[in-house]
Amino acid sequence: GINAEYGYDNPNFEVSDGEDEREVTIITSPELEDVAIQSASPVSSPITSPDSLPTSPDSGASNATFDLNNVLEVAGFGRYHIFFMIVLGMMSFADAAEIFMASVILKDMKCDFDLSAVEEAIIPAIVFFFYAIGSIIAGKLSDMYGRKKVLLIGMVVLVVSALLSAIVPTFWLFLCCRAVTGFTIGANYGVSVVYFTEIVPMRHRSSAMLGMELFWTIGSVFECVVGMSVMTKYGWRAQVGITVVPCLLALLMLPFCDESARYYAISGQHDKALKVVEKICRRNRRKLPEGELQVSIEERGNMRAVFAPELLRHTLLLVLIFFINMYHVFSIVILLPDVLINNYCSASSFLGTETNADGCEILSKGDYDILLASALLSVPGFFLGTYVVEKFGRKKSFIFTSLIQIVTFTMALPCWGTWFLYLALALMIISSTTFNQILWIYTPESYPTYIRNTAVGTLNALGKLGAASGTFIVETLDAKDIRNSLGTFIVFGFILLVATLLLKKETRNQVLQDTKQQQAGLTYRNLQEDSRI
């Protein structure tokens, strides 16, 4: 077979798209060849491109090897991935429904339990807090013990805690259930994104993430529609009970998914990894490359590796980016009703009040219109994020959307009429969703498999500090003047722009890294995809 040295962050790695096939050209140099030879590792043998693998026993097939990136590119995106997207999408659906549920039931529950302002504020705060803890712990555990195991345990706990939330007799027991729910949602989301990213071919990663994010929007809309139908007649407990249904469906479907082949590979479970990639090829009706699947055993789930010298700059920049991104995303949701109620361009407000059969105040039609608008306006952001990352690359897309965010925040400052203000708010939601979409595509791609979930979980958790800070700051500043909150958006927007400019890694058209050797960029490969993909 023809063995070709390969790489991941090689500056001489060029990709060109043709009409019938994608070609990757390597410009070699003596320096790169010397580095590749010196870095040879006994655990990581030379990797052969699928197109160059021998096809008969006489040509030396027994000595040929291929890695997961080879086989996933050959397998393409097919029925196996569509099933995965539906299952993990249902988990995203369930997570969104659980998060949006608090907005729908809070007024009725406040009346039922006679909550004080402090007790009312504790509900979202405790969810954010335990979300962060769950994200960190689950990220580390999924790198150590597998993605599927962590998700299964998380979904079981989520279903139980959600069911108990509907029947608990006191507010403090309800709060305990919400803490557990926040923990499991934090655990599930980051792990499910990584889980799906690891099985998707390079050129389909951004569009695959779009599918998962659309399920999130559907879950948000579902919660609003159920609320409009249920809350008036049956109250908040019925709403909580119905919200358990998508969680239960996701739990029933998850056992039919395979563990990540990349996790099996870096944990030394060669046979299991091979069975998974065989199944992927079989389901997608592609032929598995001949030869032996190459695996490498790595220490997994080490938090120190996320902040190691070679990754420290990258990780610290992403910490700042996650913090500001979640500050924007969650604060805008808080800001939107405040603008409509206390419109500084007009004294009028279209938000009314409504009560249920028990005389408790519940969300009005105007409130539901706001929730539905914020959910549906995220859809253009998902599509725009998916388009720009493939058209311009991840780094340029970050810079472009950061600038757009600054412009939209500035548009909302002057009082140029009520409808112009509403337009600015809509563009704020779309631009912040676009940036969030790009961030969740980029982050799993930029870390190797042996610490991928640990990194994503840690960044997601630290980002929730931005969400918590944003909700507190916006609520405080809005009491004086809503434009004070917009001022913080603009300041953070410029900081975000600088952080994105300092990012060095570009992950478009790059295969996922699995090992420390690949992370260091010490080996280089000519990867040629099957022209049928």
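Modeller: Let's start with serine 446, whose side chain reaches the backbone oxygen of threonine 443 at 2.9 Å. Keep in mind that this is a predicted model, where local features need pLDDT of at least 70 and side-chain atom pairs count only at pLDDT 80 or more, while totals for chains, interfaces and linings use all residues. Residues are numbered from 1 along each chain as its sequence is written, and side-chain values use heavy atoms, with hydrogens and water left out.

Colleague: Where does serine 446 sit, in a helix or in a loop?

Modeller: In the loop between helix H16 (418-445) and helix H17 (452-478). Helices here are DSSP runs of H or I with at least four residues, strands are runs of E with at least two, and both are numbered from the N terminus.

Colleague: How do you know whether serine 446 counts as buried or exposed?

Modeller: By relative accessible area: under 20% is buried, over 50% is exposed, and partly exposed lies in between (1.4 Å probe, protein chains only). Serine 446 has 1%, so it counts as buried. Leaving out residues up to four places away in sequence, serine 446 touches His314, Leu318, Lys505 and Thr507, where contact means heavy atoms within 4.5 Å.

Colleague: And what about threonine 443, buried or exposed?

Modeller: Threonine 443 belongs to helix H16, and its relative accessibility is 0%, so it counts as buried. Its side chain reaches the backbone oxygen of leucine 439 at 2.7 Å. Threonine 443 also touches Leu318, Phe322, Val456 and Leu459, again not counting residues up to four places away in sequence.

Colleague: Which residues does glycine 457 touch, and is it buried or exposed?

Modeller: Glycine 457 is found in helix H17 and has a relative accessible area of 4%, so it is buried. Beyond residues up to four places away in sequence, it touches Ser135 and Ile136. The C-alpha atoms of glycine 457 and isoleucine 137 are 7.6 Å apart in space, though the two are 320 residues apart in sequence.

Valine 474 is in helix H17 too, and at 0% it is buried. Its C-alpha lies 5.5 Å from that of serine 485, 11 residues away along the chain.

Colleague: Why are H4 and H5 called oblique to each other?

Modeller: The axes of helix H4 (residues 117-145) and helix H5 (residues 147-167) come within 7 Å and cross at roughly 135 degrees. Those axes are lines fitted to C-alpha atoms, for helices over the stretch in contact, and angles run from 0 to 180 degrees between N-to-C directions. Under 35 degrees would be roughly parallel, over 145 roughly antiparallel, 65 to 115 roughly perpendicular, and the rest is oblique. H4 and H5 are therefore oblique.

Colleague: Which residues of H4 and H5 meet?

Modeller: Ala138, Leu141, Ser142, Asp143 and Tyr145 in H4 meet Arg147, Lys149 and Val150 in H5. That contact divides into 4 nonpolar, 1 polar and 3 charged residues. Here Ala, Val, Leu, Ile, Met, Phe, Trp, Tyr, Cys and Pro count as nonpolar, Asp, Glu, Lys and Arg as charged, and the others, Gly among them, as polar.

Colleague: What makes aspartate 114 count as exposed?

Modeller: Its relative accessibility is 65%, so aspartate 114 counts as exposed. It sits in the loop between helix H3 (79-113) and H4, and its phi is near 55 degrees, a positive value in a residue other than glycine.

Arginine 285 also has a positive phi, near 60 degrees. It lies in the loop between helix H10 (270-283) and strand S4 (292-293), and with 66% it is exposed.

Colleague: How many helices and strands are there in the protein?

Modeller: There are 19 helices and 6 strands. Buried residues make up 57% of the 533 residues.

Note on methods
Polar contact = N/O pair within 3.5 Å; in protein donor to acceptor, adjacent residues only side chain to side chain.
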